[in-house]
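Subject: Structure handover

Hello,

Here is the structure I promised to pass on. Please open it beside this email and follow along.

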Amino acid sequence: MSLQMVTVSNNITLIQPGFSLMNFDGQVFFFGQKGWPKRSCPTGVFHFDVKHNHLKLKPAVFSKDSCYLPPLRYPATCTFKGSLESEKYQYIIHGGKTPNNELSDKIYVMSVMCKNNKKVTFRCTEKDLVGDVPEARYGHSIDVVYSRGKSMGVLFGGRAYMPSAQRTTEKWNSVADCLPHIFLVDFEFGCCTSYILPELQDGLSFHVSIARNDTIYILGGHSLANNIRPANLYRIKVDLPLGSPAVNCTVLPGGISVSSAILTQTNNDEFVIVGGYQLENQKRMVCNIVSFEDNKIEIREMETPDWTPDIKHSKIWFGSNMGNGTVFLGIPGDNKQAVSETFYFYMLKCAEDDVNEDQKAFTNSQTSTEDPGDSTPFEDSEEFCFSAEATNFDGDDEFDTYNEDDEEDESETGYWITCCPTCDVDINTWVPFYSTELNKPAMIYCSHGDGHWVHAQCMDLAERTLIHLSEGSSKYYCNAHVEIARALQTPKRVLPLKKPPLKSLHKKGSGKILTPAKKSFLRRLFD
């Protein structure tokens, strides 16, 4: 295992507890930040480009037929292969917290539409659920099992807000454990069925889940009601015959007590558990290897990496699985210094680089399950503070004042408008056109009537012209109103008549000088 520090060149404040990482064919993408600047990346998804321990976040694009995907924190995610013949992986996203701290009950499917050397275009679709629909939640897990040539999603655990009738102003954000039900979700038809298993007594959240063919293994987790992290190990087997599915649960020995751990796969039959918490506000510095052989699971401790003093002394840490046996970790920066980073980041490599493509595409179902609800000292009884503490680290309240409802106003007040009949600037496909554009399309103000904004690209403005108009104070008229503007031009200025000099006002040959009173009279007369 090797631990290396990573420097972030841009948008570092986006990487906060609750994010997720998704691995598509070896390319890693960042998702789920709180208070994302919608002008910076309308989709909220960034390419996680790491080269030579230097990280750069590049906005990703979505196809025009994609649905809106909010930047969810602490969702449940997993990979899904649509059919046994298909080699194309998709990501399933369920639940999570929206930027305004509401919980989502929707399920999204993300897939790669096209890919070239410069960018990846995604397609995101929302699945309508019917039947026993799981309530909105976060900190849970979702996995896919394959049995008898069919597939099914398995959802378990998590936390949800108290029912509306029980929520008060003082305890509006109070959460409770979800019921320990197992939900089977048909991704093709959206049908959901819940199962009550006697072996599952507590609604565990921020546990570790591993999917193996038709079986799900659930390790650790935290029970908010009892404030415990039971060292349980459950094996949930799902059989998918032609009739109704059969779900069985078995309690196995050899479990571990941990919550908010990160799981990464190192080879076909071996996984590594990194990070997490063993007690309230006490990190679990031990790493474990989970190996499978002949349908038997074995969990054993492994040699820990050489943790840095900053990681050892930090009260909290968070991260996500990058795939390829690599984990991305973050700890709070030292806000006691005059100049400090919001967070410090590390990459922990648990496997060699020569892994196969299947491992590169694998990401476990809880890539972002940093426990936000295990410690009372933090706001909302959340182990990872993502409101008050986060702004203390950053020194900027911009992210906390974000309101998701503003998205509806983009057509009127934002950059995503149709400025002319031939406007081709789209929220999902915009890329920089001018070298002066940083994170939004260049716009220019047309002064016709009450005035309106137009895209410089749609007006076919040369970059030199755009810069000239932006620096000057002259009025600009768009293509639709330029003819009107020409008709409104003022007439050319007429030069004034030359006035005769005062000396011409003297009487020739008189030799007399006019008095000031006479001079004033003559001026009025000639003027």
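Which residues does Val 454 touch, not counting those up to four places away in sequence?

**The whole chain**

The model is a predicted one. The protein chain has 527 residues, and buried residues make up 50% of them. It holds seven helices and 32 strands. Take the contacts between residues at least 6 apart in sequence: 58% of these join residues at least 24 apart. The chain exposes about 26,500 Å², and carbon and sulfur atoms supply 50% of that area.

**Back to Val 454**

Now the answer. Val 454 touches Cys 419, Ala 442, Met 443, Ile 444, Met 459, Tyr 476 and Cys 478, again leaving out residues up to four places away in sequence.

Val 454 also belongs to the largest nonpolar core, which has 20 residues. It is listed there among the residues with the most contacts inside the core, along with Cys 419, Cys 458, Met 459, Leu 461 and Tyr 476. Strand β31 gives the most, with three residues. There is also a second, separate core of 19 residues, including Leu 21, Phe 46, Phe 48 and Met 322.

**The listed binding site**

Which positions does UniProt list for "binding site"? The unreviewed entry gives Cys 446, His 452, Cys 478 and His 481. These four span 36 residues in sequence, yet no two of their C-alpha atoms are more than 11.0 Å apart, so they gather at one spot.

- Cys 446 is found in strand β31, residues 443-446. Its relative accessible area is 0%, so Cys 446 is buried. Leaving aside neighbours within four places in sequence, Cys 446 is in contact with Gly 451, His 452, Tyr 476, Tyr 477, Cys 478 and His 481.
- Cys 478 lies in the loop between α5 (463-471) and α6 (482-487). Its relative accessible area is 3%, and the cut-off for buried is under 20%, so Cys 478 counts as buried. Not counting residues up to four places away in sequence, Cys 478 touches Cys 446, His 452, Val 454 and Met 459.

Best wishes

Methods. Residues are numbered from 1 along each chain as its sequence is written. This is a predicted model: local features need pLDDT of at least 70, side-chain atom pairs count only at pLDDT 80 or more; totals for chains, interfaces and linings use all residues. Side-chain values use heavy atoms; hydrogens and water are left out. UniProt positions are given in the numbering used here, feature names are shortened, and annotations may be inferred rather than shown by experiment. Helices (H or I, at least four residues) and strands (E, at least two) are DSSP runs, numbered from the N terminus. Buried means under 20% relative accessible area, exposed over 50%, partly exposed in between (1.4 Å probe, protein chains only). Contact means heavy atoms within 4.5 Å. A nonpolar core is a set of buried Ala, Val, Leu, Ile, Met, Phe, Trp, Tyr and Cys residues joined through side-chain atoms within 4.5 Å. Accessible areas come from the Shrake-Rupley method with a 1.4 Å probe; for residues, only the protein chains shown count as cover.
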